[in-house]
Amino acid sequence: EDVDSIRRHVRDYGYPFEALRDPEHQFVTQVGARVTPEAVVLDAEGQMTYRGRIDNWYSDFGKSRPVATTRDLADAIEATLAGQHVAEPITEAVGCYIQDLK
């Protein structure tokens with residue numbers, strides 16, 4: 001996505017943080033992300049506390065539940081902000097592979 005589209009998306013959805021554009025996949029490679037959507041949470045020191053799915057709505061390609069039964073990303077953010085250990089720091093995200101990874 002271009003910079004203006006990203007800024008518009010952040011503004012339209014009211015995200016209380018800045019977006020990071022990573023066209024060379026330097027950050028993607030650093031944190032080990034492989035698919036989209038795959039979320040990463042970093043603590044105040046820049047240490048990764050979580051990498052994986054947003055929730056468990058999809059169990060596999062084309063296989064979804066009527067409603068998600070876990071809130072993996074939200075739980076990880078809450079634990080990280082509280083300075084606590086993330087119960088499940090790595091989960092398997094279901095999505096399309098990120099193109100052009102080396």
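1. The second largest pocket holds about 200 Å³ of space, a pocket being, on a 1 Å grid over the protein atoms alone, an open set of points where a 1.4 Å probe fits, with protein on both sides within 12 Å along at least five of seven lines; its volume is the space filled by probe spheres set on the points, which are joined across faces, edges and corners. Its lining, meaning residues with an atom within 4 Å of a point, consists of Thr36, Pro37, Arg53, Ile54, Asp55, Trp57, Tyr58, Phe61, Ala93, Val94 and Gly95. By class this lining has 7 nonpolar, 2 polar and 2 charged residues, where Ala, Val, Leu, Ile, Met, Phe, Trp, Tyr, Cys and Pro count as nonpolar, Asp, Glu, Lys and Arg as charged, and the others, Gly among them, as polar.

2. The model is a predicted one, in which local features need pLDDT of at least 70 and side-chain atom pairs count only at pLDDT 80 or more, while totals for chains, interfaces and linings use all residues. Residues are numbered from 1 along each chain as its sequence is written, and side-chain values use heavy atoms, with hydrogens and water left out.

3. As for confidence, pLDDT (the predictor's confidence in each residue, from 0 to 100) has a mean of 91 over the protein chain, and 98% of the residues reach 70 or more. The lowest confidence falls in strand β4 (residues 58-60), at a mean of 87, and the highest in β3, at 97; strands here are DSSP runs of E with at least two residues, and helices are runs of H or I with at least four, numbered from the N terminus.

4. The largest pocket contains about 1,400 Å³ of space, and of the 30 residues that line it, Ala19, Leu20, Arg21, Phe27 and Glu38 are the closest to its centre. At least two lining residues come from each of α1 (3-13), α2, β1, β2 and α3, and the lining divides into 21 nonpolar, 4 polar and 5 charged residues.

5. Strands β2 and β3 pair in the antiparallel sense over 4 bridges, pairing being assigned if DSSP finds at least two bridges between two strands. They form a hairpin with 5 residues between them, and Gly46 in the turn has a positive phi of about 85°.

6. How many salt bridges does a search of the whole structure find? There are 6, each being a side-chain nitrogen of Lys or Arg within 4 Å of a carboxyl oxygen of Asp or Glu. One of them joins Glu38 to Arg51 at 4.0 Å, N to O, and it links Glu38, in the loop between β1 and β2 (39-42), with Arg51 in strand β3 (residues 48-52), 13 residues apart. Both Glu38 and Arg51 are buried.

7. Arg34 forms a salt bridge with Glu92, with 3.0 Å between the closest N and O atoms. Arg34 is partly exposed because its relative accessibility is 37%, and Glu92 counts as exposed at 51%.

8. Glu78 and Arg71 also meet in a salt bridge, at 2.8 Å from N to O, and salt bridges with shared partners join Arg71, Asp75 and Glu78 into one network.

Key
Buried < 20%, exposed > 50% of the residue type's maximum accessible area, 1.4 Å probe, protein only.
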